[in-house]
Amino acid sequence: MIAKDKKPMLEIKILDKKFILPNQVNNGGPYFLTHSVGPLTKLGQQYLDDYYLSPWSNNGGEAWPQWLTLIDQFTSALSQLLGGAQDEYCPQANLSTGLAKYLMALPKAGFRNTVLMHAHAFPSMGFVVKALESQGYQLGLIPTDKPAHDPQVWVDHMNETTAAILITHVHSNTGVLSPIGEIAQLAKSQDVRIMVDVAQSAGIIPFHIPNWNVDAVFGSCVKWLCGGPGAGWMWVCRDSLSDLAPKDVGWFSHENPFEFDIENFRFAETAKKFWGGTPSIAPYAAALGGVKTVASIGVETIRAHNLKLMEIISPEHDFTHNGGTLCYKAGSQIDAIEARLRSKHARFDRRGDRIRLSLHITNTEDQAQMLRDSIYQH
Ligand SMILES: Cc1ncc(COP(=O)(O)O)c(C=O)c1O
């Protein structure tokens, strides 16, 4: 937890020096939308100029060495923050693309062809599997009334046709946090591939990928890593890399992208075999700033602050199985609560009968108290 006497200094430093909050720019009210887009960092804004625009304006087409160095810095920063080797990370536009590329790279689906996920998984991930029916895959869904965080539920829904499972570390619409290591341990005994979606957990839930013993992890930087859209990535366990044959390739998937021999394609020996054609650069400049900013504060510190604020809002609630977003089930009260929050200019959203409120390091105890008052009408 954050020591009480240290907190004000920490907050002032963070708000003034590290983040550019939407409400600072246009007086728009407190920001609780990190589950959608995390706030821009000052470092990200600076890196966009230093690592993307300046090399371009100074060097034109000769900027590539600097741009590719930026990508290396990005994968290095991810490996330091989330664990795993740098060369197990590969940039991807988003999670859906990473998942599609990974599934297509597996040995052809035969009798074992089902990809199992919980019905509360982000829909895009299900769409990917459905679209791969032509490749022999089937989508299996654990029903919504079964708790996604219960490892036994996963085992109960696996059978001899299960080829792979996709575990969502934190569900975006319910906030449910799942114990990846425990689920993976049970699932491994069934000899299935284990994939993890960390879109809503990277940067807010402390984790170290190698501790999970999983095959692949898909993430982005847009939410708690405060890196903006476009800087997605995948992590692929080194042990399985040589068995994977991506179908969607390009010259940056080549062992030597600058060999330029159309008759001689050789996969990169690292996760970069999943990369593809000419990579995008700009999103990774902003994202590097986000990842470094989060690392400089510490994910444990951010999570401790997040839990403290959620406990101010709902002291009676147990947040053990909850990610960084409070998905408050408002039921018939939802319109009234929304109106009270809007009158405070709060920035949040709703999904079904839930109000989603993300409490980042940039949010304060006063804001949490305001949320409590607005939700429970104190
Ligand atoms: C849990 C989860 N997975 C995935 C995504 C996004 O997937 P993609 O990067 O393919 O758009 C989101 C976006 O909100 C999400 O919440």
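**Fold, domains and ligand shell of the predicted protein chain**

Of the contacts in the protein chain between residues at least 6 apart in sequence, 72% join residues at least 24 apart; two residues are in contact if their C-beta atoms, placed from the backbone, lie within 7 Å. The model is predicted, so that local features need pLDDT of at least 70 and side-chain atom pairs count only at pLDDT 80 or more, whereas totals for chains, interfaces and linings use all residues. Residues are numbered from 1 along each chain as its sequence is written.

The protein chain contains 13 helices and 12 strands, where helices (H or I, at least four residues) and strands (E, at least two) are DSSP runs numbered from the N terminus. The C-alpha trace spans about 70 × 60 × 35 Å along its principal axes. The radius of gyration of the protein chain is 21 Å, which agrees with the value near 21 Å for a compact globule of 378 residues; this radius is taken over C-alpha atoms, and the globule rule is 2.2 Å times the number of residues to the power 0.38. Buried residues account for 45% of the 378 residues. A residue is buried if 20 or more other C-beta atoms, placed from the backbone, lie within 10 Å of its own, exposed if 12 or fewer, and partly exposed in between.

The domain assignment gives domain 1 (14–30 + 302–376) and domain 2 (48–292), with bounds that come from an automatic or database assignment. Between the C-alpha centres of domain 1 and domain 2 the distance is 29 Å. In the interface, 12 residues of domain 1 are in contact with 13 residues of domain 2. Helix H11 (299–313) and strand S10 (325–329) are the elements that give two or more residues to the side of domain 1 that touches domain 2. That side has 3 nonpolar, 6 polar and 3 charged residues, with Ala, Val, Leu, Ile, Met, Phe, Trp, Tyr, Cys and Pro counted as nonpolar, Asp, Glu, Lys and Arg as charged, and the others, Gly among them, as polar.

The ligand is surrounded by residues including Asn94, Phe122, Asp197 and Gly232, a residue being near a molecule if its C-beta atom, placed from the backbone, lies within 6 Å of it. By class, this shell has 3 nonpolar, 8 polar and 1 charged residues.

Proline 283 is placed in helix H10 (residues 282–297). Proline 283 counts as buried because it has 24 C-beta neighbours inside 10 Å. Residues up to four places away in sequence aside, proline 283 touches Gly228, Pro229, Gly230 and Ala231.
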